[in-house]
Amino acid sequence: FQNVGRYQCAVTLRSRKDNTIRAREYFIHEVTLSPLKIALLDPHYRNAIFASQKLERVQYKVSFSASQLPPGYALFSGIVQDGRTILGKRQPLALTQTFDFPVASLPDGRMTIFAEIYDTDGVSRGKITEPLRKLPFKAGEVWRGKDGVWRVEGEKTFILASWGSSEYSLVPEYNIVVHWANDIRSAHKFINRETIFGIWKLRNRLKLEGPVPEVVEAYRDIVRRSKDDPQLFAHYLCDEPDCFGFTVSALEPIAAVIADEDPYHPLLISTGSSGVTAYRRCAEINGFHCYPLPK
């Protein structure tokens, strides 16, 4: 990481016809690099500690990616909230080292895990951070276990969901519905569909303009309307994005905003057969539309 710093760069637009320069723009780009990486082990889902997980310790690994260790260097790592170090440990730098801290000593709210390298003179030589959040209990909170099974308030829940009008949602074997009526609210969890239906102007803006501030705030407002409903299971982000022209670069920031506004409920997406892996960072659940040929 000796070559970090500010560099002058240029972008040139040339004509394919005669190779003449039509435009050139100069700019300064700052190159930063930290040879550190934080891999969070517990909590394992959304960097969030849920009350019903009954998690006792936060555990993570810090890796140093270099061909050799600089002699005498130290690593200081821990957890910060509002600029104050809540918990921390200092130890000699190693290629891989594990840190763990008791959950009981952490306050509720947003925090940051940090790892910072110091040389023999005590000068910082690189720092990396990772968000962490401790959530107070919320009725109906949903999270995914390390075994891949979803939990509602800590209880295993196998998703058997319906798609369509409320008449199909009356089948007693279903436990989660996309479209629900008032007379079945007591028997079913529901998926918030307001993020995909009835907001065509907003969706068109997202498709054409991307996640501009007005679009982001509109999605936050939609999520606020339902996030405190104890029967909510998930937010439906987009139906068949690969078929309707929604890009990953447009949906990923919206997914991050929804997860930030409501960390208690996952996101659902339903891709066509071409998008099963492309949109994997846009939601935690995929109601996959495989559309096999009848033959």
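Mentor: The model is a predicted one. Its largest pocket has a volume of about 460 Å³. Among the 20 residues that line this pocket, Arg-46, Asn-47, Ala-256, Ala-259 and Asp-260 are the closest to its centre.

Trainee: Which element gives the most to the lining of the largest pocket?

Mentor: The elements that give two or more residues to this lining are β9 (109-118), β10 (124-134) and α5. With four residues, the element that gives the most is α5.

Trainee: How many residues in the lining of the second largest pocket are charged?

Mentor: The second largest pocket, of about 250 Å³, is lined by 14 residues, and Ala-161, Ser-162, Val-178, Leu-268 and Gly-287 lie nearest its centre. β17 supplies the largest share of that lining, three residues. By class, the lining has 10 nonpolar and four polar residues, and the number of charged ones is none. In the largest pocket, by contrast, the lining divides into 11 nonpolar, one polar and, as charged residues, eight.

Trainee: Why do the buried residues of α2 lie on the same side of the helix?

Mentor: In α2 (residues 200-209), the buried residues are Leu-202, Arg-203 and Leu-206. They lie on the same side of α2 because the arc they cover around the axis is only 100 degrees.

Trainee: Which exposed residues does the face of α2 turned away from its buried side carry?

Mentor: The buried residues of α2 are covered by elements including α3 (213-226), β17 (232-239) and α5 (248-261). On the face turned away from that buried side, the exposed residues are Trp-200, Lys-201 and Leu-208.

How values were computed. Residues numbered from 1 in each chain as written. Predicted model: local features only at pLDDT ≥ 70, side-chain atom pairs only at ≥ 80, totals over all residues. Heavy atoms only, no water. Buried < 20%, exposed > 50% of the residue type's maximum accessible area, 1.4 Å probe, protein only. Arc of directions from axis to C-beta. Contact = heavy atoms within 4.5 Å. 1 Å grid on protein atoms, 1.4 Å probe; cavity = no way out; pocket = protein on both sides within 12 Å on 5 of 7 lines; lining within 4 Å. Points joined across faces, edges and corners; volume = space filled by probe spheres on them. Nonpolar A, V, L, I, M, F, W, Y, C, P; charged D, E, K, R; others polar.
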